[in-house]
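Here is a short briefing on one residue and the sheet around it. Have the sequence and the model open as you read.

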Amino acid sequence: MTGAAGFIGYHTSKALLAAGHKVYGLDNLNSYYDVSLKQARLSQLTANEGFEFFQADLGDRQAIESVFAKSTPEVVIHLAAQAGVRYSIENPHVYVDSNIVGHLHVLEGCRAHAVKHLVFASSSSVYGANTKMPFSIDDRVDHPVSLYAATKKANELMAHTYSHLYGIPTTGLRFFTVYGPWGRPDMAAFLFTKAILEGRSIDVYNRGEMKRDFTYVEDIVDGILRVMARPPAAGSTATADVSSNAAYKVYNIGNNKPVELSRFIAILEDCLGQKAVKNMLPMQAGDVLETYADIDDIVRDTGFQPKTSLETGLANFVDWYRSYYGAK
């Protein structure tokens with residue numbers, strides 16, 4: 001499990017441990033956001049005897065080779081990456097080092113150790129400038145609007161190549177705006193909650209007239225585990241026009257219910273019992289107006305169904321935030 005101390009990696013590791021799996025977790029514990037939050041997640045995982053942790057950077061080839069040699073995993077869930085659309089505009093080199101070079105090191109580890117299934121994180125951001133809704137995995141994704149999105153498309157292409165060349169069963173998951181307890185401090189639920197409770201204004205881009213397919217983290221984890229148990233067969237991407245023999249699939253994994261940002265804020269205000277002071281701003285570079293996941297394929301193939309409403313999910317997040325930070 002790469003990114004084990006991260007938001008989705010932590011929740012996925014917990015679920016795997018609860019199901020009786022041995023989990024080898026890898027993370028570099030970088031300072032992109034509060035390291036103490038990552039360490040708090042990690043302390044819960046290391047309390048389980050079925051969890052073993054390796055601190056290593058994806059960009060360090062020898063370190064990743066060593067982790068693969070020591071753990072010899074049957075399945076790899078690769079969730080580590082440099083995240084953040086806006087941050088990629090300010091710090092492009094970090095994204096290439098982590099998301100492209102690091103992804104290559106994971107693929108090489110899977111090849112060298114005959115991994116039975118690689119499940120890796122892609123992103124809804126690959127749809128970029130697409131305007132047809134909902135986003136379908138059959139849509140072309142040739143117009144990314146951020147470097148982060150471009151690295152995620154590159155991850156998909158690299159994974160397909162390794163599956164084609166070396167027969168590694170590989171599944172990419174395009175996540176749609178994941179939120180929930182233990183979430184990332186750079187995401188809307190966390191940023192807004194912190195600011196509202198502290199009496200500060202919140203930055204609302206495009207006057208709140210953007211839509212996001214907000215997806216609760218426990219629903220995401222359920223989808224990851226369902227996909228993990230179903231490695232794709234050879235020729236999964238073959239069509240009338242494509243003769244690929246790769247054991248490769250890509251799925252959207254989202255809530256299938258886009259919500260306006262203004263509505264998201266209103267629900268959060270209800271959960272907090274406080275009104276937000278809103279600083280209305282124009283669209284940010286790299287942002288898109290709407291995301292909306294067509295999940296028909298993952299529903300058909302795995303039985304995945306998102307179950308958590310935004311009202312319930314945000315209430316759970318607020319409860320966790322108040323408890324973790326002692327906020328009133």
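The points below cover a histidine, its contacts and its sheet.

This is a predicted model. The residue in focus is H117, which lies in strand β4, residues 117-123. Its side chain makes a polar contact with the side chain of T171.

**Burial of H117**
- H117 has a relative accessibility of 1%. Buried means under 20%, so H117 counts as buried.

**Polar partners of H117**
- The side chains of H117 and T171 are joined by a polar contact of 2.8 Å.
- A polar atom of the H117 side chain also lies 3.1 Å from the backbone oxygen of M228.

**Residues touching H117**

**Pairing of β4 with β5**
- Strand β4 runs parallel to β5, residues 170-175.
- Six bridges join β4 and β5.
- F120 has G172 in β5 as its bridge partner.

**The sheet**
- Four strands form an open sheet in the order β3-β4-β5-β10. The pairing is parallel.
- The edge strands are β3 (75-78) and β10 (248-253). Each has a single partner strand, so one side of each is left without a neighbour in the sheet.
- On average, neighbouring strands of this sheet are turned by 20 degrees against each other, direction ignored.

Terms used: Residues numbered from 1 in each chain as written. Predicted model: local features only at pLDDT ≥ 70, side-chain atom pairs only at ≥ 80, totals over all residues. Heavy atoms only, no water. Helix = DSSP H or I, 4+ residues; strand = E, 2+ residues; numbered from the N terminus. Buried < 20%, exposed > 50% of the residue type's maximum accessible area, 1.4 Å probe, protein only. Polar contact = N/O pair within 3.5 Å; in protein donor to acceptor, adjacent residues only side chain to side chain. Pairing = 2+ DSSP bridges. Axes fitted to C-alpha atoms, helices over the stretch in contact; angles between N-to-C directions.
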